[in-house]
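User: Hi! I'm new to this structure and would like a friendly walk through it. Could you take my questions one at a time?

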Amino acid sequence: MSGKMDQQIDPLALYRPKKYVPLHERDAGAACLKCGPEGCEGGLDLHFWRKICKTCKCKPQDHDIKSSEEEAHRMVVGSLFNRDSTISHVRDYFDKLDRADKQVKTEYVKKFSWVPPGLNQATLVKYMDSLPPERRPMVGSEGAKYRRQQMVYQLPIHDHDENYCDNLTDAEREKMREFCKMRNDKSLGVGDIREKTVGTPKWECHRCGKGMANGEIAVFASRAGEEKCWHPGCFVCCMCNNLLVDLIYFYKEGNIYCGRHYAEQFKPRCAACDELIFSEQYTQAEDRNWHQRHFCCLECDKDLGGMLYVAKNGQPHCLECYDKFYAKSCNTCRKKIAADGQRIEHDGVFWHADEACFNCAYCRRNLLGQQFLKARDNVFCSVDCAKSHMNLP
């Protein structure tokens with residue numbers, strides 16, 4: 001007797017990345033929503049390890065990322081969750097995903113780029129109506145764009161998958177695995193949506209303190225216990241106050257966090273590559289943390305360890321690049337003022353701080369350390385000199 005063995009399909013494979021795609025290749029060319037085509041010609045050109053656009057220096061989430069919401073969700077779920085988890089609510093979440101995947105989508109569900117799995121339509125409608133209108137993830141809406149941006153911001157893939165990190169050592173990889181296991185085992189959860197019915201105990205939002213009437217929707221977090229719940233619009237990270245994307249939260253000492261800010265309770269984050277730092281030694285500068293190998297010039301990537309540098313918008317620049325891109329021009333000689341040179345500034349006008357440049361525009365008297373008056377972007381030692389200069393042909 002011949003036959004064919006039934007093939008078991010793992011429904012969770014649908015939520016795992018189909019293949020590894022380098023970060024700098026994903027979403028290449030996406031238009032910058034801040035700078036426009038004039039400021040970001042050619043669109044997103046992601047730096048190989050900085051996680052910013054090489055053209056405009058904006059973050060990926062500031063661009064009109066074209067990756068589908070389903071792809072982003074699949075990457076996060078695949079990197080965060082383990083089907084064989086010993087945590088019951090994690091297994092329950094997978095069961096909900098499995099059932100939702102097998103169900104035919106209703107016309108209402110098709111309106112959204114994401115819906116919480118496992119809800120009947122009546123409860124789903126109430127949940128969506130409970131969200132701020134501008135945050136509802138309807139396909140093609142600002143709410144869908146917000147969700148996509150928050151997925152990248154709150155749950156950066158490089159916090160969860162070592163394949164997306166820059167040149168980790170074996171020791172760093174091991175520490176990252178240990179951290180990810182601790183985080184997922186002890187703190188990871190997904191909000192559970194419930195409707196208050198007659199006979200249930202009093203529900204009070206843990207964030208705003210307001211009570212909930214019968215028929216209202218609340219979000220519960222099993223890590224926090226049954227006594228705590230939130231309005232859908234109040235289920236936010238305690239640090240950044242953003243709605244917790246796809247209801248994914250991390251619980252610590254009575255508070256709920258997004259993935260980014262939970263991780264930063266334990267590990268410093270590199271200001272250059274945006275990755276968590278798992279090395280014993282790292283650099284602290286400009287009130288921020290940096291991998292030692294990443295403390296380098298924003299423009300040319302020159303190593304700045306032990307070197308003079310100039311900070312611009314919190315990012316270090318070598319003296320040469322600062323002079324090239326940001327140096328001010330002297331109002332007298334019209335030459336650039338070097339980053340390590342002395343200068344004088346008054347009302348947005350700059351001069352070399354030397355006798356040759358900072359002097360009376362009429363009589364050339366040295367004005368260093370002297371009182372002066374300014375007129376038409378020039379400085380003068382007296383009213384008479386200013387009048388005489390203005391009367392020149």
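User: Let's start with Y93. Is Y93 buried or exposed?

Analyst: This is a predicted model, and in it Y93 has a relative accessibility of 5%. Buried means under 20%, so Y93 counts as buried.

User: Which helix is Y93 in?

Analyst: Y93 belongs to helix α3, which covers residues 88-102.

User: And how far apart are Y93 and P116 in space?

Analyst: Their C-alpha atoms are 10.0 Å apart, while in sequence the two residues are separated by 23 residues.

User: Okay, on to strands. In what order do the three strands of the open sheet come?

Analyst: The order is β2-β3-β4, and the strands pair in an antiparallel way.

User: Which strands stand at the edges?

Analyst: Those are β2 (192-195) and β4 (229-230). Each has a single partner strand, so one side of each has no neighbour in the sheet.

User: How many bridges join β2 to β3?

Analyst: Four bridges do, with β3 made up of residues 217-220 and running antiparallel to β2. For one of the residues involved, D192, the bridge partner in β3 is F220.

User: Which helix packs on that sheet?

Analyst: Helix α4, residues 121-130, packs there and touches both β2 and β3. The direction of α4 makes about 85° with that of β3.

User: You brought up F220. Which charged end sits over the ring of F220?

Analyst: That would be R194, whose charged end is 4.1 Å from the centre of the F220 ring. There is also R135, with its charged end over the ring of Y146, 3.7 Å from the ring centre.

User: Which residues do the ring pairs link into a cluster?

Analyst: The cluster is made of F179, F250, Y257, Y262, F266 and F278.

User: Nice. Changing topic to the backbone: what is the phi of E286?

Analyst: E286 has a positive phi of about 55°, although it is not a glycine. This residue lies in the loop between β7 (283-285) and β8 (288-290). Its relative accessible area is 36%, so E286 is partly exposed.

User: And what is the phi of R364?

Analyst: R364 has a positive phi as well, about 65°, and is not a glycine either. You'll find R364 in the loop between β12 (349-352) and β13 (373-375).

User: Last one: how exposed is R364, and what is its relative accessible area?

Analyst: The relative accessible area of R364 is 51%. Exposed means over 50%, so R364 is exposed.

Definitions and conventions
Residues are numbered from 1 along each chain as its sequence is written. This is a predicted model: local features need pLDDT of at least 70, side-chain atom pairs count only at pLDDT 80 or more; totals for chains, interfaces and linings use all residues. Side-chain values use heavy atoms; hydrogens and water are left out. Helices (H or I, at least four residues) and strands (E, at least two) are DSSP runs, numbered from the N terminus. Buried means under 20% relative accessible area, exposed over 50%, partly exposed in between (1.4 Å probe, protein chains only). Two strands pair if DSSP finds at least two bridges between them. Contact means heavy atoms within 4.5 Å. Axes are lines fitted to C-alpha atoms, for helices over the stretch in contact, and angles run from 0 to 180 degrees between N-to-C directions. Rings of Phe, Tyr and Trp (its six-membered ring) pair if their centres lie within 6.5 Å; planes under 30 degrees apart count as stacked, over 60 as edge-to-face and the rest as tilted. A charge sits over a ring if NZ of Lys or CZ of Arg is within 6 Å of the ring centre and within 35 degrees of the ring normal.
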